[in-house]
Amino acid sequence: MKLSLSLIPAAFASLQSTHAENDRKVPPRTPEQRLNRLNQFAEEILIQHFPQLPSQEKWIGKFRKNAGRMLRAFERENCGFFDPSLPHGGPDPDFDEDRYDRENPRIGVKQITTGYRKWAERYINKCAGQRKHKYQVTRMNRWNQLLQNHYNRFNPLE
């Protein structure tokens, strides 16, 4: 009898811990929601940290246009991949585009462009152009470098 009474507090603590973990879970997002969030981040960082860039609006448009292109590819038959039973809906569980460094634009730009790249690798890697030629990966690496150069031109490293 003493043994069973001593297990009750441990079982209760375990139950509370599990309940607390479930309360903090982020709700699952669809690929469209994830892409929209990346667009919001791209626009936000360009507005906040690239005010002196003459092509700021063009960059915002480029990100939107590219996201539209990615979404259309995702919606094509036999091209997009999404499995709600997998973490983040795709094969790569290390994808986390829910936040970026808002204080350091150099890091933030890298995180956002990496988010787009990983989105492509996760959700449209079945598309021939992405699978064979890594179009989105190449584009995001190039855009990251261009934006880093623009930022460094107006904000030289100390």
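**Salt bridges, a core and one glutamine**

Me: Which residue forms a salt bridge with glutamate 44?

Reply: Arginine 102 does, and the closest N and O atoms are 2.6 Å apart. A salt bridge here is a side-chain nitrogen of Lys or Arg within 4 Å of a carboxyl oxygen of Asp or Glu.

Me: Where do the two partners lie?

Reply: Arginine 102 is in the loop between H3 and H4, and glutamate 44 is in helix H2, so the pair ties together parts 58 residues apart in sequence. Helices are DSSP runs (H or I, at least four residues), numbered from the N terminus.

Me: What kind of model is this?

Reply: This is a predicted model, where local features need pLDDT of at least 70, side-chain atom pairs count only at pLDDT 80 or more, and totals for chains, interfaces and linings use all residues. Residues are numbered from 1 along each chain as its sequence is written, and side-chain values use heavy atoms, leaving out hydrogens and water.

Me: How many salt bridges does the structure hold?

Reply: Three. Another joins the side chains of glutamate 43 and arginine 64, at 2.8 Å from N to O. Glutamate 43 is in helix H2 and arginine 64 in helix H3, 21 residues apart.

Me: And which residue pairs with glutamate 121?

Reply: Arginine 117, with the closest N and O atoms 3.1 Å apart. Both lie in helix H4, four residues apart, about one turn of the helix.

Me: Is arginine 117 buried or exposed?

Reply: Arginine 117 is buried, at 19% relative accessible area. Glutamate 121 is partly exposed, at 28%. Buried means under 20% relative accessible area, exposed over 50%, and partly exposed in between (1.4 Å probe, protein chains only).

Me: New topic. How many residues are in the largest nonpolar core?

Reply: The core has 29 residues. Those with the most contacts inside it include Phe63 and Tyr116. H3 gives the largest share, seven residues. A nonpolar core is a set of buried Ala, Val, Leu, Ile, Met, Phe, Trp, Tyr and Cys residues joined through side-chain atoms within 4.5 Å.

Me: What does tyrosine 116 contact?

Reply: Beyond neighbours within four places in sequence, its contacts (heavy atoms within 4.5 Å) include Leu35, Phe63 and Met140.

Me: Where is glutamine 130?

Reply: Glutamine 130 sits in helix H5, residues 128-133. Glutamine 130 counts as buried because its relative accessible area is 4%.

Me: What does its side chain reach?

Reply: The side chain of glutamine 130 reaches the backbone nitrogen of glutamine 136 at 3.0 Å. Glutamine 130 also touches Ala120 and Ile124, among others.

Terms used:
Helices (H or I, at least four residues) and strands (E, at least two) are DSSP runs, numbered from the N terminus. A polar contact is a pair of N or O atoms within 3.5 Å; within protein, one must be able to donate a hydrogen and the other to accept it, and residues adjacent in sequence count only if both atoms are side-chain atoms.
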